[in-house]
Amino acid sequence: MKVKIFVLSIILLISQQTGNAFGAEAKKNDPGKKVYEERCQICHGAKGDGKGLVGVMKRSEKTGRMINVEARDFTLAVFRFRSTSTGCLPVNEDFISLINKGIPRSFMPSHKDQLSMEEKKALAEYIKTFSTRWKEEEPCKSIPVKKPRWVGSRSSVEKGKKIYKEMKCWECHGDDGKGKGPKSDTIKDDWGKPIVPFDFTTGATKMGDAPENVYTAYTTGLDGTGMPSYEDSLKEDERWHLVSYTLKLMGKVK
Amino acid sequence: MRNRFFLWILFLSGAVLFVFTLIAAYREIAPEWKRYQAQYKEQIIKLAKDDATKKKAKELVPAVQQIYLGTLNRIDRCMSCHMGVENPMMANAKLPLKQHSGDYLKNHPPDKFGCTVCHYGQGRATNKKEAHAATRDTHWDFPTIPLKYIQSSCTQCHDYEMLSAKGYDNIAKGAKLFMEKGCRGCHKLNGIGGALGKKLDVVGSQPIAYFPMRFVEGDRNTYNWHKQHFTDPRALVPESEMKINVKPEETDLLATYVLSLRAGEMPKDYRRIKGTQTVEKPDEGEALYRMFCIACHTTGKDSYFDEIFNRTIPAIMKPAFLKTADEKYIKKVVEDGRAGTQMTSWKATAGGLTGVEINNLIAYITKDRPSAKPERFDFAGFKTDLKRGEELYNIRCALCHGKKGQGGEGFLGLNLRNPVVQGADPEFLAITVRDGRSETSMPPFGKKGVGFTDRDIADVVSYVKTMSKKK
């Protein structure tokens with residue numbers, strides 16, 4: 001009996017230590033870890049480095065362009081889809097909303113009904129154990145989004161078109177918004193992999209295609225990709241005008 | 001006061017009517033072709049080297065020039081304006097008086113062939129607008145065909161070999177593209193081909209009303225439609241599922257080819273066909289693969305999610321797949337297709353392939369089959385627990401294959417509900433789950449991968465086999 005307890009406690013000790021490589025404490029019997037191992041690990045990898053068994057996924061767009069889809073690497077704690085300023089860590093609500101919605105066109109499924117709120121929160125905490133950044137930094141505050149009435153109006157689209165030109169959005173996304181600008185072949189993401197600028201004419205963006213989501217993307221930037229934040233370089237109104245023009249490119253307004 | 005106002009209206013409208021009457025009368029007295037014929041006469045007199053020609057030209061009386069072609073059921077009046085087509089003196093003249101280019105008319109005398117049989121247009125018309133019929137208000141289905149597609153007319157009487165030998169190889173090149181780009185994977189021609197697209201048998205003779213013209217740029221005719229449709233099908237037909245993988249210069253060749261697929265046959269004494277006049281069905285495996293499979297399965301080595309079909313297209317020539325899938329299984333998929341997906345049934349009564357052709361095709365697909373057989377699973381040896389299988393499936397498999405096994409619609413995994421998977425040998429499914437498909441997105445779930453025990457796998461497979469009953 002004593003021997004059994006001794007062996008068990010050693011096993012427990014070892015398993016606890018391996019789980020504690022980084023950041024926030026990973027408790028034993030952590031529901032977040034359980035959910036991660038059951039549902040996330042297959043793509044995102046046991047170490048959260050995005051090197052799961054599924055590997056690189058391939059998606060062919062309607063235009064025939066082939067895109068490599070890779071699971072997010074959590075070890076750098078750089079996240080594209082946040083509600084916080086560029087360079088900041090995301091807030092817990094961002095995790096929950098992403099787990100609920102999934103990411104369209106990248107095979108990240110929605111877990112809205114499959115997980116309880118506690119499990120989702122625990123999962124967010126577990127994902128934070130993959131990087132030391134979570135110990136060193138505090139997430140910033142969410143940027144509030146309030147859509148003005150005139151978004152999508154003709155005059156706003158016109159203004160947005162001008163801004164699209166002035167801010168050189170076309171350098172990557174192309175004059176026609178099809179993602180084939182002069183720089184589009186050379187840009188790389190933070191992981192050193194070639195990245196393809198979004199083709200607006202294909203429809204849904206990964207962050208969601210509501211005007212609010214597009215506005216968030218322009219305000220926060222998509223960290224880790226070539227897409228910068230325009231929080232400082234454009235006024236709030238100007239960003240909304242740009243949203244109007246984007247909706248036009250996406251065929252959502254006339 | 002009021003009376004005078006109406007009087008003015010009456011007077012003005014009377015004046016307008018008078019002017020229109022004058023214009024109409026002028027057009028009747030001096031039609032377009034009379035002007036051209038006068039120019040022709042003038043130029044001939046100027047260019048004539050001997051008196052006989054000059055005298056002949058001076059005797060020219062303006063008249064509609066008409067060729068009646070009984071066997072072709074045509075009346076062509078084109079030469080009313082194109083006076084100089086047969087006259088070498090007009091070699092350097094401007095259109096419409098210019099001589100016909102090349103030496104085509106030597107073997108195709110206009111009094112036997114006319115013009116519209118090659119060039120299209122409205123033969124009976126006596127003014128340019130209605131004869132060329134390029135604009136929409138002329139309501140003519142076949143306006144004069146742009147010269148870059150003119151070779152589509154040659155195949156009415158000539159075979160590809162003869163045309164290519166003389167340097168007119170657009171049509172043969174177009175036909176080759178048609179054979180090698182997998183067009184018949186979706187389109188039927190002579191009763192052979194897939195069912196997703198439209199039949200192509202007489203597509204070159206189909207009227208404008210058959211094609212959705214709303215988004216066509218430039219003149220709305222079938223020539224522009226085909227060209228632009230080969231460039232970007234979804235620009236013209238937004239809901240189109242057509243896959244196209246051609247270079248810009250190849251779109252003209254393909255357009256030429258489809259425009260050559262015409263209804264009806266030329267009368268016997270016009271035809272000079274000794275070789276091929278239509279695309280034939282090859283019987284060799286690789287050629288069959290190119291004709292029927294390549295548009296979707298590409299090289300066969302890539303498994304990818306396709307946003308046009310909204311589902312993953314499997315890599316059917318990867319060794320990892322061939323190692324587990326036996327001939328019988330592949331044959332069933334090819335013969336019956338996968339109901340609920342875009343994969344067509346290719347048996348003789350559907351896609352139109354004979355048993356021998358299907359065998360040749362399968363021999364080509366399976367040419368990279370590894371010699372090593374997968375380790376046996378012995379599914380029959382397990383007493384399976386459906387409920388446990390369902391629980392495991394919902395956590396582990398539903399992420400990619402969907403809760404109902406439906407696949408598609410944003411799911412990376414394949415459809416598991418279709419009769420092929422449902423009727424497959426459970427041993428095959430169990431080995432697939434255990435070993436995965438390396439180099440695709442299906443990971444191994446056995447001990448070497450996710451860590452399922454054999455019992456887990458047997459339970460999941462037994463559940464998957466019941467999925468078609470689930471709503």
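Read along the sequence, chain A runs α-α-β-β-α-α-α-α-α-α-α. That makes nine helices and two strands. The model is a predicted one. Of the 254 residues of chain A, 48% count as buried. Among contacts in chain A with a separation of 6 or more, 62% link residues 24 or more positions apart.

Helix H3 of chain A spans residues 92-101, and its buried residues are A:Asp94, A:Phe95, A:Ile96, A:Ile99 and A:Asn100. What covers them? The cover of the buried residues of H3(A) includes helix H4 (117-127) and helix H5 (133-136) of chain A. Just after H3(A) comes A:Gly102, with a positive phi of about 70 degrees. A:Arg105 sits in the loop between H3 and H4 of chain A. Its relative accessible area is 17%, so A:Arg105 is buried, the cut-off being under 20%.

**Helices H6 and H9 of chain A**

Two packed helices are described by the angle between their axes and the distance between the axes. Helix H6 of chain A covers residues 154-166; its axis and that of H9(A) come within 7 Å and cross at roughly 100 degrees. H6(A) and H9(A) are therefore roughly perpendicular to each other. On the H6(A) side, the contact uses A:Ser156, A:Val157, A:Lys159, A:Gly160, A:Lys161, A:Ile163 and A:Tyr164. H9(A) answers with A:Glu238, A:Trp240, A:His241, A:Leu242, A:Ser244, A:Tyr245, A:Lys248 and A:Leu249. By type, the residues of this contact divide into seven nonpolar, four polar and four charged.

A:His241 lies in helix H9 (residues 236-249) of chain A. Is A:His241 buried or exposed? At 10% relative accessibility, A:His241 counts as buried. Leaving aside neighbours within four places in sequence, A:His241 touches A:Trp150, A:Ser156, A:Lys159, A:Gly160 and A:Ile163.

**Helices H11 and H13 of chain B**

Helix H11 (residues 222-231) and helix H13 (residues 248-259) of chain B pack at about 135 degrees, and their axes are 9 Å apart. H11(B) and H13(B) are therefore oblique to each other. Their crossing is right-handed. H11(B) brings B:Tyr223, B:His226, B:Lys227, B:Phe230 and B:Thr231 to the contact. H13(B) brings B:Pro248, B:Thr251, B:Asp252, B:Leu254, B:Ala255, B:Val258 and B:Leu259. The residues in this contact divide into seven nonpolar, three polar and two charged.

**Nonpolar cores**

In soluble globular proteins, nonpolar side chains tend to be buried together. The largest nonpolar core here has 87 residues. Which of its members touch the most others? They are B:Tyr257 and B:Tyr329. Not counting residues up to four places away in sequence, B:Tyr257 touches B:Tyr160, B:Ile171, B:Gly174, B:Ala175, B:Phe178, B:Leu189 and B:Val279. Another core, of 25 residues, lies apart from the largest one; among its members are A:Ile163, A:Tyr164, A:Tyr230 and A:Leu247.

**Backbone exceptions**

Most residues other than glycine have a negative phi, and most peptide bonds are trans.

| Residue | Phi |
|---|---|
| A:Arg105 | near 65 degrees |
| B:Ala133 | about 55 degrees |

B:Ala133 belongs to the loop between helix H7 (128-132) and helix H8 (151-154) of chain B. With 1% relative accessibility, B:Ala133 counts as buried.

Chain B also holds a cis peptide bond. This bond joins B:Leu95 and B:Pro96, with omega about 5 degrees. B:Pro96 sits in the loop between strand S2 (74-76) and helix H4 (104-107) of chain B.

**An exposed lysine in chain B**

B:Lys387 is part of helix H19 (residues 386-401) of chain B. Its relative accessibility is 59%, so B:Lys387 counts as exposed, the cut-off being over 50%. B:Lys387 and B:Tyr463 stand 76 residues apart in sequence, yet their C-alpha atoms are 7.7 Å apart in space.

Note on methods: Residues are numbered from 1 along each chain as its sequence is written. Chains are lettered from A and ligands numbered from 1 in the order in which they are written. This is a predicted model: local features need pLDDT of at least 70, side-chain atom pairs count only at pLDDT 80 or more; totals for chains, interfaces and linings use all residues. Side-chain values use heavy atoms; hydrogens and water are left out. Axes are lines fitted to C-alpha atoms, for helices over the stretch in contact, and angles run from 0 to 180 degrees between N-to-C directions. Helices (H or I, at least four residues) and strands (E, at least two) are DSSP runs, numbered from the N terminus. Angles under 35 degrees count as roughly parallel, over 145 as roughly antiparallel, 65 to 115 as roughly perpendicular and the rest as oblique. A crossing is left-handed if the near helix is turned anticlockwise from the far one by less than a right angle, and right-handed if clockwise. Contact means heavy atoms within 4.5 Å. Ala, Val, Leu, Ile, Met, Phe, Trp, Tyr, Cys and Pro count as nonpolar, Asp, Glu, Lys and Arg as charged, and the others, Gly among them, as polar. A nonpolar core is a set of buried Ala, Val, Leu, Ile, Met, Phe, Trp, Tyr and Cys residues joined through side-chain atoms within 4.5 Å. Buried means under 20% relative accessible area, exposed over 50%, partly exposed in between (1.4 Å probe, protein chains only).
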